[in-house]
Structure formats: C-alpha cells, structure tokens
Amino acid sequence: MQLPTASSINKLSIIIPCYNEEKYVQRVLKRVLEVQLNYNLTKQILIVNDGSLDATQFNIEKFIHENSRSNIQLLNHEINTGKGSCIKTALSKVTGQLVVIQDADLEYHPEDYNLLLNPIMEDRADIVLGSRFKGDGPHRGPFILHKIVNKVYTFISNILTGQRLTDIHTCYKMFKTEILKSVRIEEQRFGFDPEMIAKLGKKKDIRILEVGISYEGRNFKQGKKINFMDGFRAFYCIIWYNFFSKK
C-alpha cells in the first residue's frame with residue numbers, strides 16, 4: 001500500500017453520518033465549514049442522510065443551497081442502516097488523501113480537526129484517534145455507565161491488539177484514506193469502531209496515535225443514538241474481528 005506523504009496531502013474529506021438530527025445538522029455543517037485547517041488543506045464534506053424521518057434532509061438541502069460555493073455533497077439512504085453503512089457509502093465518493101468521521105450531533109468539536117491532523121502531517125502517525133479521556137479541552141461526559149463500558153472494552157482491545165489506547169469508541173478517527181479503503185467494512189452500525197481497531201491495530205506497519213479532544217456528551221433524551229444492544233455488539237466485534245475474522 002502506497003501511503004501519501006505530508007507534501008502530497010492537500011485535502012481532508014469529512015464524512016458525516018446523520019440520522020434524525022434536524023435540530024443540530026445545520027449547526028454542525030456551519031462549524032465544519034468554518035474550521036480553518038492547518039497546512040492549507042481544503043475540505044470535502046460528505047453528509048449521509050441515513051433514512052431520517054424528521055426534517056433532517058430538508059435542513060441539509062437548505063444549508064447546501066445557502067452555501068452553494070462550498071464543497072458539500074448530500075448522499076441519501078432510503079432507510080436507516082447505521083453509521084458503518086454511511087461510512088461505506090461516503091467512502092466511494094472520497095477525494096481527499098485524509099478522511100475523518102464527524103457525528104452530526106455536535107458532541108465533538110470540528111475545531112479539533114487540527115489536533116488530529118498535526119501528527120499525520122508531522123509524519124508521526126497514519127491514523128489518529130481523538131480520545132475523550134485525554135487533553136484539557138472542555139468535557140461533559142461520557143456518562144458513567146458509558147465510560148465504564150468503554151474503559152473495559154478498550155482494555156480488552158488493547159490486550160488483543162497490543163495497542164495502548166484509551167478510547168476505541170471515539171467518533172473522531174482520522175485516517176490516511178488508502179488505509180481506510182483497504183479495509184472491508186462489515187459492520188453496519190456502531191460496531192464500525194471496534195472493527196477498525198481490531199483490523200488495523202495489529203498491523204505493525206500502520207502507526208496509530210491518540211490526541212486529547214473536547215467532548216460534550218448527550219443523553220438519550222437529547223437524542224443520543226447508541227444503545228445497550230450496540231454495547232453487546234461492540235463486545236462481539238472485539239472478539240470476532242481479533243480472533244476469527246481474516247478480512
């Protein structure tokens with residue numbers, strides 16, 4: 001696999017899976033659009049409306065119309081299929097040498113892109129994770145049960161991959177695009193995160209690094225989507241993709 005060097009990287013592709021986020025989607029698009037990237041990088045924004053049942057699609061289309069000069073592309077799923085499925089859909093349209101995942105609910109701050117970008121451009125990493133448990137930026141959550149489960153799953157994952165990570169379930173993962181495209185994504189929903197760590201964490205030629213980021217967690221009343229079944233699926237993914245999957 002021929003990976004790009006810093007001197008050949010000129011664009012960051014931002015993938016935004018989105019389901020029933022009518023209250024937040026225009027705000028997140030505005031903040032993503034306004035972020036000034038270091039190293040003179042340009043942005044490609046790919047937002048996937050994952051079968052939303054509210055005004056999400058209308059609000060996205062309205063924002064794109066009002067910002068017609070911006071490089072924003074809307075991709076639509078007829079039914080809700082999940083985060084991993086959205087990433088697969090968008091990945092075929094990616095034109096940047098780097099790609100980052102952005103949730104559409106503003107739990108994560110787009111202003112942190114440069115924190116993830118710096119280690120790659122300084123040739124210290126090929127994948128950078130934004131840890132919610134490191135750094136001194138603003139934090140609210142994860143809530144105690146989510147935090148405990150994440151810590152346990154991250155500990156098990158580290159034992160199996162030999163990594164020393166603190167937050168395998170973070171949304172903020174920035175990849176050199178060829179690395180992400182080289183993996184066959186099998187998980188449709190939030191299992192995408194442990195699947196990627198399992199499949200890439202053992203590859204000695206791929207450098208994974210963490211940086212601290214800001215985080216403003218939501219609860220279920222505020223629209224958080226991940227649930228207990230996703231937690232069970234995450235454990236399954238850690239075991240399956242480390243021990244049994246060959247792909």
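1. Throughout this note, a residue is buried when its relative accessible area is under 20%, exposed when it is over 50%, and partly exposed in between (1.4 Å probe, protein chains only). By that rule E186 is partly exposed, with a relative accessible area of 25%. The areas themselves come from the Shrake-Rupley method with a 1.4 Å probe, and for residues only the protein chains shown count as cover.

2. The model is predicted: local features need pLDDT of at least 70 and side-chain atom pairs count only at pLDDT 80 or more, while totals for chains, interfaces and linings use all residues. Residues are numbered from 1 along each chain as its sequence is written, and side-chain values use heavy atoms, with hydrogens and water left out.

3. Overall form. Along its principal axes the C-alpha trace spans about 50 × 45 × 35 Å. Of the 247 residues, 53% count as buried. The chain exposes about 11800 Å², and carbon and sulfur atoms supply 54% of this area.

4. Secondary structure and contacts. The chain contains eight helices and nine strands; these are DSSP runs numbered from the N terminus, helices being H or I of at least four residues and strands E of at least two. A contact means heavy atoms within 4.5 Å. Among contacts between residues at least 6 apart in sequence, 81% join residues at least 24 apart.

5. Nonpolar core. In soluble globular proteins, nonpolar side chains tend to be buried together. A nonpolar core here is a set of buried Ala, Val, Leu, Ile, Met, Phe, Trp, Tyr and Cys residues joined through side-chain atoms within 4.5 Å. The largest such core has 65 residues, and L98 and Y113 touch the most other members. Leaving aside neighbours within four places in sequence, the contacts of L98 include I9, L12, L41, L117, I120, M121, M174 and F175. K11, S13, K176 and T177 are also in contact with L98.

6. Helix α4. Seven of the nine residues of α4 are buried, and the helix is mostly covered. The buried ones are Y113, N114, L116, L117, P119, I120 and M121. They pack against β1 (11–18), α1 (25–34), β4 (98–101), β5, β7 (173–176) and β8. D123 follows α4 and has a positive phi, near 60 degrees.

7. Side chains of opposite charge can pair when their charged atoms come close. A salt bridge is counted when a side-chain nitrogen of Lys or Arg is within 4 Å of a carboxyl oxygen of Asp or Glu, and the structure holds 14 of them. R207 forms one with D126, with the closest N and O atoms 3.1 Å apart. R207 is in the loop between α7 (192–201) and β8 (208–212) and D126 in the loop between α4 (113–121) and β5 (127–131), so this pair ties together parts 81 residues apart in sequence. D126 is buried at 2% relative accessible area, whereas R207 is partly exposed at 31%.

8. Other partners of D126. The side chain of D126 also makes a polar contact with that of K176, at 3.0 Å. A polar contact is a pair of N or O atoms within 3.5 Å; within protein, one must be able to donate a hydrogen and the other to accept it, and residues adjacent in sequence count only if both atoms are side-chain atoms. Not counting residues up to four places away in sequence, D126 touches residues including L3, I120, M174, F175, I179, D205 and I206.

9. Two further salt bridges. K199 pairs with E186, the closest N and O atoms being 2.7 Å apart. K199 lies in helix α7 and E186 in the loop between α6 (177–181) and α7, so the pair links parts 13 residues apart in sequence. K199 is buried at 9% relative accessibility. E187 and R233 meet in a salt bridge of 2.8 Å, N to O. E187 is in the loop between α6 and α7 and R233 in helix α8 (residues 228–243), so this pair ties together parts 46 residues apart in sequence. E187 counts as buried at 4%, and R233 as partly exposed at 37%. Separately, salt bridges that share partners join D123, D126, K176 and R207 into one network.

10. S131. This residue is found in strand β5 and is buried, with a relative accessible area of 0%. A polar atom of the S131 side chain lies 3.1 Å from the backbone nitrogen of F133. Residues up to four places away in sequence aside, S131 touches T166, D167, E210, V211, G212 and I213.
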